[in-house]
Every structure is written in C-alpha cells, then in structure tokens.
Amino acid sequence: MDMDLERFLIEFQDHLAPRLDTYEQAIYLYIFRHSRLLGQSEVVIGFKSARRRMALGIGKAGTPMAEGRLREKLVSLQSKGCVQILATERTGTRVQLMLPSEIPGVVPPV
C-alpha cells in the first residue's frame, strides 16, 4: 500500500482527532504506526507492554495508562469505527486500523 502520509495527517488532525479523547488518539496513532504506516492492514499488539510506550496518564504524573483503561478505550475506538478487534492471540490482540477516510462520516466528501 502506498501511504499518503500528508493526507493521513490532515484527515486525522482535522476530522478524526476532534472525535477522540486524548487516550483514544494515542492508542489510534500507536496502532497506525505499527500497522498501516508499515503497509500492513492488521497487526498483533501486546497492549500489556505497549501501554508503557504510548502516553502517560494524567492521574499520577509520568505513569503509563492503566491496563483496564487501555482496553476500555480500545473498545471505544471499535465502537467509533476506528479499529476492528479481530482476535485475541497468545502474543496480543489482533487489530485492524481504519484510516480516517475509511470510517463512514468522518471525512466529508470533496
């Protein structure tokens, strides 16, 4: 897949990010970086360890996102059409990320 990074960033920042909270944005971009940016439509991510490399929480300064919060936000991203949780595997969760232009109603037609 030929990634048009400029188009993605514009569509993400202008259309998708305003619909997501800060945690959802961090998770979405983390999945993007490990899947679509590398030309893969889906990826297995071990969220238990990945949460330490995503974003720091607002509770205790400098601490990673709680595991329960990450799972809650992943389900929220799925309900918003941003990702599809495909399976739980031994090494992590198989996820398919949708680009902003692939999510119905996010990017207005030109």
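I10 lies in helix α1, helices (H or I, at least four residues) and strands (E, at least two) being DSSP runs numbered from the N terminus. With a relative accessibility of 43%, I10 counts as partly exposed, where buried means under 20% relative accessible area, exposed over 50%, and partly exposed in between (1.4 Å probe, protein chains only). I10 and P100 are separated by 90 residues in sequence, and their C-alpha atoms are 9.6 Å apart. The model is a predicted one, in which local features need pLDDT of at least 70 and side-chain atom pairs count only at pLDDT 80 or more, while totals for chains, interfaces and linings use all residues. Residues are numbered from 1 along each chain as its sequence is written, and side-chain values use heavy atoms, with hydrogens and water left out.

Helix α1 also holds L9, which counts as partly exposed because its relative accessibility is 48%. L9 belongs, with L5, L37 and L38, to a nonpolar patch on the surface, and the four residues together have about 340 Å² of accessible area. Accessible areas come from the Shrake-Rupley method with a 1.4 Å probe, and for residues only the protein chains shown count as cover. Patches are made of residues with over 30% relative accessible area and no salt bridge; like charges are joined within 9 Å, and nonpolar side chains (Val, Leu, Ile, Met, Phe, Trp, Tyr) within 5 Å.

E11 and R7 are 4 residues apart in helix α1 (residues 5–16), so about one helical turn separates them. E11 counts as buried because its relative accessibility is 10%, whereas R7, with a relative accessible area of 43%, is partly exposed.

A second salt bridge pairs E24 with K80, the closest N and O atoms being 2.8 Å apart. This pair links distant parts of the chain: E24 is in helix α2 (residues 22–34) and K80 in the loop between α4 (67–79) and β2, 56 residues apart. E24 is buried, at 2% relative accessibility, while K80 is partly exposed, with a relative accessible area of 36%.

Strand pairing was assigned where DSSP finds at least two bridges between two strands. Strand β1 (residues 42–45) runs antiparallel to strand β3 (residues 92–97), and 4 bridges join the two. Within this pairing, T93 is the bridge partner of I45, and V43 stands opposite V95. The covered face of β1 carries V43 and I45, whereas E42 and V44 lie on the uncovered one. Strand β3 is also joined to strand β2 (residues 83–89), by 6 bridges and in antiparallel orientation. V83 stands opposite L97 of β3, and a hairpin connects β2 to β3 through 2 residues.

E42, R94 and E89 are linked in a network of salt bridges.

K48 is located in helix α3 (residues 47–50) and counts as exposed because its relative accessibility is 52%. K48 gathers with R52, R53 and R71 in a surface patch of positive charge. M54 is found in the loop between α3 and α4. With a relative accessible area of 16%, M54 is buried. M54 and M65 are 11 residues apart in sequence and 8.0 Å apart in space, C-alpha to C-alpha.

Terms used: A salt bridge is a side-chain nitrogen of Lys or Arg within 4 Å of a carboxyl oxygen of Asp or Glu. Lys and Arg count as positive and Asp and Glu as negative; His and the chain ends are not counted. The place of a charge is taken as NZ of Lys, CZ of Arg, CG of Asp or CD of Glu.
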